[in-house]
Structures are given as structure tokens and as C-alpha cells.
Amino acid sequence: MAAIELRNVVKTFGPITAVDGLDLEVPEGICLGLLGPNGAGKSTTMRLLTGQAIADSGELRVLGHDLPAEAKTARGLMGVVPQLDNLDVDVTVEDNLAIFARLYRVPDVGAAVEKALAIARLQERRRDAVDELSGGMRRRLLLARGLVHEPRLVLLDEPTVGLDPQIRTELWTLIGDLKARGTTILMSTHYIEEAERLADEVAVMHQGKIISRGRPVELITEHAGRQTAEVYGPPERLAEARADAESKGLSVRPAGPAIAIVGSERVDGAIPEDAVVRAASLEDVFVLLTGEEAE
Amino acid sequence: MEAATPAHEQITPAPRQMRRLEPAAIAGVMSREVSNFRTYWKGTTFSSVLEPLVYLLAFGLGLSATLVDEVDGVPYIEFVGTGMVATAVIFSSALPAMFGTFVKHRFQNTYDAILAAPVDVEELVSAEMLWIGIRSGTYGCVPLLVTIAFGLDPEPGMLLVPLFCFVTALGFAGFGVAMAATVAKIDQFNYVTALFVTPLFLVAGTFFPIDGLPEGVQVAAQFNPLHQLVELVRGGAFGFEWEDLLRFGFLATFALATWRVAIHQMRKRLID
């Protein structure tokens, strides 16, 4: 049984179509990265899965429960880690966890809180108000709160957005531990590195649809080939190199101060002599497919 | 490598179909309110005790010493003191419901967190109303206790005052939640306060009997839940009449109506 099944799901907000005929299946036990630029429909998809948004049409099933009719039951089996910090800041760390253990009907609240504290490595700060924690501690607590009932499925909505690299790495370790325990994870992100590191499979979402899906290495091979050549220089030089590569049928994308000629191994003589050649990346795929700059 | 044990096999209770208005969901949301209340109860309790005391000193002692000795055979300080119960109820239910709900929704994203758990909007609103009802029902009794300290004789009927306050507070909590789910900006509460809260407070019969007002206002006052609460509290202090059953029924209907309106408005606001 798939943990998540979406069939031709549409969700509009007035004239804006946030989710446009979305088909998505997430097998149990994998981490699927939902990668897309801002406004791609990732957060709306997450809200549809928790029943906080109702689809205009289409079929949604989570852990065998039809949505929105059985959304409440489905929510009891999944954990959600939101993009925005919505902890109770005046309340202690352990009370924040205990409140959610009760909301999830956990039979032994005390034991669940202890486990969650261990996950967040906040045992020493259990009686501190959330207000007194550092940003990294708060994110760890937010993650632990979503896991307090040990759910079968976890939705991570941009779990490291806006965090500094050190805290991001800490969270990646925690998410890696979660994967190792066999929990199904759906993680929306617009960070390429995050998807590359954590996801077993990546689905690229753009304008409300999945436009490509597969293991990162498969996506790279399919869309970007083996290597990418980056050309640096003044604007006229870059324009010339771009025109030359495109005339040979290669895809070219901007890459900061350079241009990147994707799949440059496919055509002999496509690489200018001064180009820097590197292995093709998921970022190349993302930019080619969505036309958006990656982060 | 050791085989990993799926985490969900350890704690997650067996899946079952969940029903509407589950006590566990309501208790869970209320436990959040209690945890938060423990961080600010001193300030709230201080103002809830001090405010009726100040009103009693200003109106009860001030006016009775200069202008009014008694109303309908009741010493004026006791008349005001029993009426102040309604004032305490509206200010500790409608206003916290309005501002608290708005802040939790717009600024703290608290409801997004709660609704990601197995709790629905109906349970969320019910829990918020119940908590405010309990809290306000308790604080509503303070003016009565203060008035007893000023000489009002305790009566058995006063034991029903917490219930009257609770039911009225439920209604105003529902009103406040519905308003919070309706306004676009927090400053629009000024309209709500000026158009609804203040007139209800002034035409409740707290400071003066409404039978001296124009007939139209007297009729309108019958639809004011605060006036009905004032009459019920005075019934508890000075003797009930059979109409008090109708008054209580009116307050229960008010609570029921605002409960459903609050759920409807919050669902519109919280579910896309």
C-alpha cells in the first residue's frame, strides 16, 4: 500500500491554480523530496494532505484513508513539521511536547515526551521556556514535536528554510535517523542539496504539477547527462558561448556569473577550451526543468 | 547493520475511525490553554479582582454616598455589585476570545499546528469556548465575593451564579471567536467593541435599572444576554422568579447559537 496517493488533484485559489492535476504516489518507507521553486504548489500539497485545504477535484488517500472525509484519522497516523515555527513560546519544552502527545492520544504521555526530548537532544533544557532556546534548538523541538507519537508518515514542509548551515546539518542528521527507522517521509524543499542528501526519490514540482520524478542520479542522467561545462567571462563572451552551444542542440542555463552548458559530453567540440567541467548535478536538472534559479 | 524497527510500531495507538467532538481532542486543546495560562495567571487574576473592586468603590460607594441610596429596595452598592458580575463576564470572555483567537491564528500560527493533529475545527472552537467559559465563570464570581465583603448577605441561590456566568461566558466566547474569524485586521475590533460590547455592557442594568429607559431600549435590553445574566445573579442574591427559567434558557440558546456561528466562521478562515 502506498502511504500517499494523489490522483488528478486540483486546488485553486480564485484565479490562481496552486495544484493543477497533481498525480503523486509515495510508497511506504521512502523519503520523497518534493522539490520546486516558491509558488510551485508544495505547501498547498502539504495542506491538502492534512485536510487543512480541500481539493476542488481529484482523489486523495493517506495511509489508506480517503481525504477529506477521513482526514482526522489520517492525521492521527502522520506527523507534521511546519515551515513556520509555531511553538508555544512561553511554555516549557516538555509542556510543548506533552500538549501534542495528548492531541495525538498517546497513551503514555510521559514516555513519549522522554523519547521526543532525546530525539531533540533537549533533556537538559526540558524546563526552559521555548523563548529561551536558540534557533537551532527550536527547530529540533519542532521536529521532535511532529514525532512525539512516532508516526508512520512524516510531512516535512521546508524543514530547514532560513536556517544557518550548521543548524541545517544538525537537522539533516535528525531526518537521516528518521529515515533509518523506516518512517515514510514527504519533504518539500527548494534546497537542492537537501533533496540530494536526504531523498531516496525526488519529484520536481512546477506550476502545480510533478514534471519529473526519480532517484536523483536517474534524474541527472535523464535530463542533464554526465557533465556540465561552466563558462566564465564578460557578457559578450557568455552570449557567444551560449549561442554556439545552443546551435549544437545543448541546453544552457545561467549559473551566477557564468553560464552552464548542460550535457556537454553529448556533442564533440561543444566545450570552449577555457570552460570548467564538472559532473552534472540535480541543480542543473532543477533549473532546466523549472527555469528558476536554484538555492 | 542492525535492522531498524519502524518507529510507529512502538507508540502509535491502533488506527481507528475518529468521531466528531472527541473528548480527548477537546481536552488536548484545553491542556494547551492551561499550560499557557500557568505563565500569565497572576496578571489576569490581579486585574480580575482589582477592576470590580475599583468599580464598586467608584460607583457603589461613590454614588450611594452622594446620589443614590437604594434601587428597588436594594442598597445601591449591592445593586451595582451583583450587576458587576456581568461586566466581569463579558470582559473576561468576549475580549480574550476576540484578541486571543486572532493572535493565535494570525501571529502565532497556533491553529495550524493544532489542526495538523487529529483535531478538527469543531473541537478546536469547542475547547477554546469551554476554557474561556470556565475561566470567565470563575472570574465572574469575584465581584459577588467582593460585594459580600461589603455587606451583601450570602444566599443559597448564589451557588448557581458560577453556572450562570459559565453559560453566558460560553456565548460571549463564541461571539469573540466568530468576530476574530471575521475581521481582516486586529484594529477592526474597535468597531466590534464600540458597536456591540460597550452598548451591551451599558444597557445591562448594571448601574441603573433599565425600567427607567425608553420603552424601545427596554425591549432591546431583553435580547441583551448581559441583562439576563444581571437579572439571574440578582435572582440568586435577592430571590428567583419564574421568569428566571426563561432567562437561563435564553442564555443557553445564545451560547448554542454563537458556538455554531463561531465554528462556521473559523472553518471558513482556517480551511482553504
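Into which domains is chain A divided? In this predicted model, chain A comprises domain 1, covering residues 2-219, and domain 2, covering residues 226-279. The C-alpha centres of domain 1 and domain 2 of chain A are 38 Å apart. The mean pLDDT of chain A is 88, with 98% of its residues at 70 or more. Among the elements of chain A, the highest mean pLDDT, 96, belongs to helix 3 (residues 93-103), and the lowest, 82, to strand 12 (residues 251-255).

Chain A contains an open sheet of 4 strands in the order 2-1-4-5, and the pairing is antiparallel. Its edges are formed by strand 2 (16-27) and strand 5 (65-67) of chain A, each of which pairs on one side only. From one strand to the next, the twist averages 25°. Within this order, strand 1 (residues 2-13) and strand 4 (residues 57-62) of chain A are joined in the antiparallel sense over 5 bridges. A:Ile4 has A:Val62, in strand 4 of chain A, as its bridge partner. Helix 1 (residues 42-50) of chain A lies across strand 1, strand 2 and strand 4 of chain A. The angle between helix 1 and strand 2 of chain A is about 65°.

The secondary structure of chain B consists of 11 helices and 2 strands. The C-alpha trace of chain B spans about 85 × 35 × 35 Å along its principal axes. Of the 272 residues in chain B, 47% are buried. Among contacts in chain B with a separation of 6 or more, 81% are between residues 24 or more positions apart.

The contact between the two chains involves 36 residues from chain A and 35 residues from chain B. On the side of chain A that touches chain B, the elements giving two or more residues are helix 1, helix 2 (71-77) and helix 3 of chain A. By residue class, this side of chain A divides into 16 nonpolar, 8 polar and 12 charged residues.

Conventions
Residues are numbered from 1 along each chain as its sequence is written. Chains are lettered from A and ligands numbered from 1 in the order in which they are written. This is a predicted model: local features need pLDDT of at least 70, side-chain atom pairs count only at pLDDT 80 or more; totals for chains, interfaces and linings use all residues. Two strands pair if DSSP finds at least two bridges between them. Axes are lines fitted to C-alpha atoms, for helices over the stretch in contact, and angles run from 0 to 180 degrees between N-to-C directions. Two residues are in contact if their C-beta atoms, placed from the backbone, lie within 7 Å. Domain bounds come from an automatic or database domain assignment. pLDDT is the predictor's confidence in each residue, from 0 to 100. A residue is buried if 20 or more other C-beta atoms lie within 10 Å of its own, exposed if 12 or fewer, and partly exposed in between; C-beta atoms are placed from the backbone. Ala, Val, Leu, Ile, Met, Phe, Trp, Tyr, Cys and Pro count as nonpolar, Asp, Glu, Lys and Arg as charged, and the others, Gly among them, as polar.
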